[in-house]
Amino acid sequence: MTILTALLQGTKLLEEEAIPAPRLTAEVLLTHALQRERAYLYAHPEEELSEIAWIHYGRYLHERIKGKPTQYITGRQEFYGRDFRVTPDVLIPRPETEHLVEAAIARIHPRDLVVDVGTGSGAIAISLALETPGHLFATDISTAALRVAEANGQRLSSHVSFLACDLVDALRDQSINVLVSNPPYVPRTDQPSLQREVRDYEPHVALFAGPTGLEIYERLIVEAIRVLRPHGWLLLELGYNSLDPVRAILESGLSRDQRERSIWTDIDVVPDLAGFPRIIAARASTTS
């Protein structure tokens, strides 16, 4: 079995199972089996596969046909120009989330304390640590996710402090300058209609917020007022059709004990490349 034959056969199998981008997927899985770069496939098309490489490639194809995301098979996903390790304990970083990083970069100043809530693989926090002069913290309720994030942080030589807690429970009042989060925002009622790659393989704790999909937004916006310094920034990734309700939560803005009223100013919405609202940013202050 040559590299070219293996690539053609793999592509055909994936096409027959209606796997998206079958040729690219076959290339990625074959390079992973060979532990080579993609260009190697085309520089050595007549090279014979070793038995162990063929076994690995066949297993990877089978896993992908069954619905396992390619990123969980290879254990890798590129984000903001860097290679991150991913496992089924963390959400696969999406290109759209890079808009959140860019919006945060524009608002982080030297010595700012910045927290990424629900860090997962650590992609957002690590990218910000490497791109800005801020001091980065990251939280997650999942200790398994934090192990992945810490390993990514060490491998990419970033300085991020990782904390195990629910949202921002471990943070002091008015201690943070910038809070960013790509929170769970999928309504539970949408679970049956999700792609099987998402529904059956990605961690539900990072996907589902509750019956409406707004539950984490509601909690986090309230908690953000507690931990943000006056005029600090809150930046949230938006789910599908969540702009109007999230904006309404910000504009209503009662604090947790109802004795103070949260005032969110400078509300800004950033679209993604398709023109859909992807990021909402707001500046915080409080008045009695």
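Analyst: In what follows, an axis is a line fitted to C-alpha atoms, for helices over the stretch in contact, and angles run from 0 to 180 degrees between N-to-C directions. Helices (H or I, at least four residues) and strands (E, at least two) are DSSP runs, numbered from the N terminus. The model is predicted, with local features requiring pLDDT of at least 70 and side-chain atom pairs counted only at pLDDT 80 or more, while totals for chains, interfaces and linings use all residues. Residues are numbered from 1 along each chain as its sequence is written, and side-chain values use heavy atoms, with hydrogens and water left out.

Two packed helices are described by the angle between their axes and the distance between the axes. For α1 and helix α4, which covers residues 51-65, the axes cross at roughly 15° and come within 10 Å. The two helices are therefore roughly parallel to each other; angles under 35 degrees count as such, over 145 as roughly antiparallel, 65 to 115 as roughly perpendicular and the rest as oblique. Their crossing is right-handed, a term for a near helix turned clockwise from the far one by less than a right angle, with anticlockwise giving a left-handed crossing.

On the α1 side, the contact is made by Ala6, Leu7, Gln9, Gly10, Leu13 and Leu14, which meet Trp54, Tyr57, Leu61, Arg64 and Ile65 of α4. Contact here means heavy atoms within 4.5 Å. By class, eight of these residues are nonpolar, two are polar and one is charged. In this scheme Ala, Val, Leu, Ile, Met, Phe, Trp, Tyr, Cys and Pro count as nonpolar, Asp, Glu, Lys and Arg as charged, and the others, Gly among them, as polar.

The loop between α1 (3-16) and α2 (22-34) holds alanine 21. Its phi is near 45°, a positive value in a residue other than glycine. Alanine 21 counts as partly exposed, at 43% relative accessibility. Buried means under 20% relative accessible area, exposed over 50%, and partly exposed in between, with a 1.4 Å probe and protein chains only.

Helix α11 (residues 215-227) packs with helix α12 (residues 243-252) at an angle of about 30°, their axes being 10 Å apart. These helices, too, are therefore roughly parallel to each other, and α11 passes α12 in a right-handed crossing. Tyr217, Glu218 and Ile221 of α11 and Val246, Ile249 and Leu250 of α12 make the contact, which by class has five nonpolar, no polar and one charged residues.

Within α11, glutamate 223 and arginine 226 lie three residues apart, about one turn of the helix. They form a salt bridge whose closest N and O atoms are 3.1 Å apart; the term denotes a side-chain nitrogen of Lys or Arg within 4 Å of a carboxyl oxygen of Asp or Glu. Both residues are buried. A search of the whole structure finds 18 salt bridges.

Another of these pairs aspartate 268 with arginine 107, with the closest N and O atoms 3.3 Å apart. Aspartate 268 lies in strand β10 (residues 261-271) and arginine 107 in the loop between α6 (98-105) and β3 (113-117), so the pair ties together parts that are 161 residues apart in sequence. Aspartate 268 is partly exposed, at 32% relative accessible area, whereas arginine 107 is buried at 14%.

Turning to the chain as a whole, there are twelve helices and eleven strands. The C-alpha trace spans about 75 × 40 × 35 Å along its principal axes. Of the 288 residues, 51% are buried. Not counting residues up to four places away in sequence, serine 127 touches Phe79, Tyr80, Arg82, Phe84, Val101 and Gly122. Among contacts between residues at least 6 apart in sequence, 65% join residues at least 24 apart.
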